[in-house]
Amino acid sequence: MPITITILGITVGVSAVMVKAVGKTVESKFRSWKQQRAEKKRFENLSRVASKNQVTTSILSPCHLAVLGDVEAGKTTLIRALQGTINVSKGVSAQTPYVAFEFPIRYNGEQRIIKGHDFSGSEKFIESYYEDEIKRCDCLFYICNVNEYLNNGIKREGNNARLHLIDQYLSNRSIPVQIILTYASQVHDRDDARLKFMESIRSKPYGGRFLERQPIVIEMKDDVELKNLIEAIKKILFKI
């Protein structure tokens, strides 16, 4: 049945189908307009949030970081995690003395370039490369497999010899030194393992230097623990 509509004084007849079609077109265009308005408002809100959160980064002087320790103690894992790569492959081999690294890290609105060398823990490379690295570093982390240190006499003697060598090369220099005890999942009690390690080196000539900061005990295969360690390390590196 036709429907009469008067437009500008002119009466015309239209079908119900035509009225329905026009209605759908108007409704569709209105819905599209509302979506565009909502999308525009969302981007405006995001822009305001981004602008509010924008932080001016202060650039600090570069830091030479020495990361030393025994074979497969976790040196490469620590360096790569500090770079932002948690999942890592095997570290520097006994055939490769070292790999240089240099990368930026950020903490609390500040940025600092970290540079140094990822050293092989092989005994034959220690004398050749340790001295230069230790004498130029601004901060030093010593990585030690706590389970091997406590339960393997040869490994314990090897680590003690490294600590003694580091102490000699540092001489009278005063820089942040942090011992990190890894493979925590292999010991029954972390606190007990830390205490035993501390007791073992306390009476050594170098004991005072390496116990100025309490050793950190960690399982580096645990991503959460490793991320927390990196945050703790950044606090040290940005106080230098």
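This is a predicted model: local features need pLDDT of at least 70, side-chain atom pairs count only at pLDDT 80 or more; totals for chains, interfaces and linings use all residues.
**Overall fold and surface**

- The protein chain contains eight helices and nine strands, these being DSSP runs numbered from the N terminus (helices: H or I, at least four residues; strands: E, at least two).
- Of the 240 residues in the protein chain, 38% are buried, where buried means under 20% relative accessible area, exposed over 50% and partly exposed in between, with a 1.4 Å probe and protein chains only.
- Among the contacts in the protein chain with a separation of 6 or more, 72% come from residues 24 or more positions apart, a contact meaning heavy atoms within 4.5 Å.
- The chain exposes about 14,600 Å², of which carbon and sulfur atoms supply 51%; accessible areas come from the Shrake-Rupley method with a 1.4 Å probe, and for residues only the protein chains shown count as cover.

- Helix 2, residues 75-83, is mostly covered, with seven of its nine residues buried.
- The buried residues of helix 2 are Lys-75, Thr-76, Thr-77, Leu-78, Ile-79, Ala-81 and Leu-82.
- Their cover includes strand 4 (63-69), strand 5 (98-107), strand 6 (110-119), strand 7 (139-145) and strand 8 (177-182), together with helix 8 (223-237).
- After helix 2 comes Gly-84, whose phi is positive, near 110°.

- Ser-171 has a positive phi near 55° although it is a residue other than glycine, and it lies in the loop between helix 5 (153-170) and strand 8.
- Ser-171 counts as partly exposed because its relative accessibility is 44%.
- Tyr-183, also not a glycine, has a positive phi of about 60°, and its place is in the loop between strand 8 and helix 6 (190-202).
- Tyr-183 counts as partly exposed because its relative accessibility is 22%.

**Aromatic pairs**

- A search of the whole structure finds five aromatic pairs, where rings of Phe, Tyr and Trp (its six-membered ring) pair if their centres lie within 6.5 Å, and planes under 30 degrees apart count as stacked, over 60 as edge-to-face and the rest as tilted.
- One of the pairs joins Phe-119 and Tyr-130 in an edge-to-face arrangement, with 6.2 Å centre to centre and 70° between the planes.
- Because Phe-119 lies in strand 6 and Tyr-130 in helix 3 (residues 123-136), this pair ties together parts that are eleven residues apart in sequence, and both residues are buried.
- Tyr-206 and Phe-210 form another edge-to-face pair, with 6.1 Å centre to centre and 80° between the planes.
- Tyr-206 is buried, with a relative accessible area of 4%, and Phe-210 counts as buried at 0% relative accessibility.

**Salt bridges**

- A search of the whole structure finds nine salt bridges.
- One of them joins the side chains of Lys-155 and Asp-70, with 3.2 Å from N to O.
- Since Lys-155 lies in helix 5 and Asp-70 in the loop between strand 4 and helix 2, that pair ties together parts that are 85 residues apart in sequence.
- Lys-155 is partly exposed, with a relative accessible area of 24%, whereas Asp-70 is buried, with a relative accessible area of 6%.
- Asp-70 also forms a salt bridge with Arg-162, the closest N and O atoms being 3.4 Å apart, and this pair links distant parts of the chain, with Arg-162 in helix 5 and Asp-70 in the loop between strand 4 and helix 2, 92 residues apart.
- Arg-162 is buried, with a relative accessible area of 2%.
- A network of salt bridges links Asp-70, Glu-148, Lys-155 and Arg-162.
- Asp-191 and Arg-194 both lie in helix 6, three residues apart, about one turn of the helix, and Arg-194 is buried, with a relative accessible area of 14%.

Technical notes. Residues are numbered from 1 along each chain as its sequence is written. Side-chain values use heavy atoms; hydrogens and water are left out. A salt bridge is a side-chain nitrogen of Lys or Arg within 4 Å of a carboxyl oxygen of Asp or Glu.
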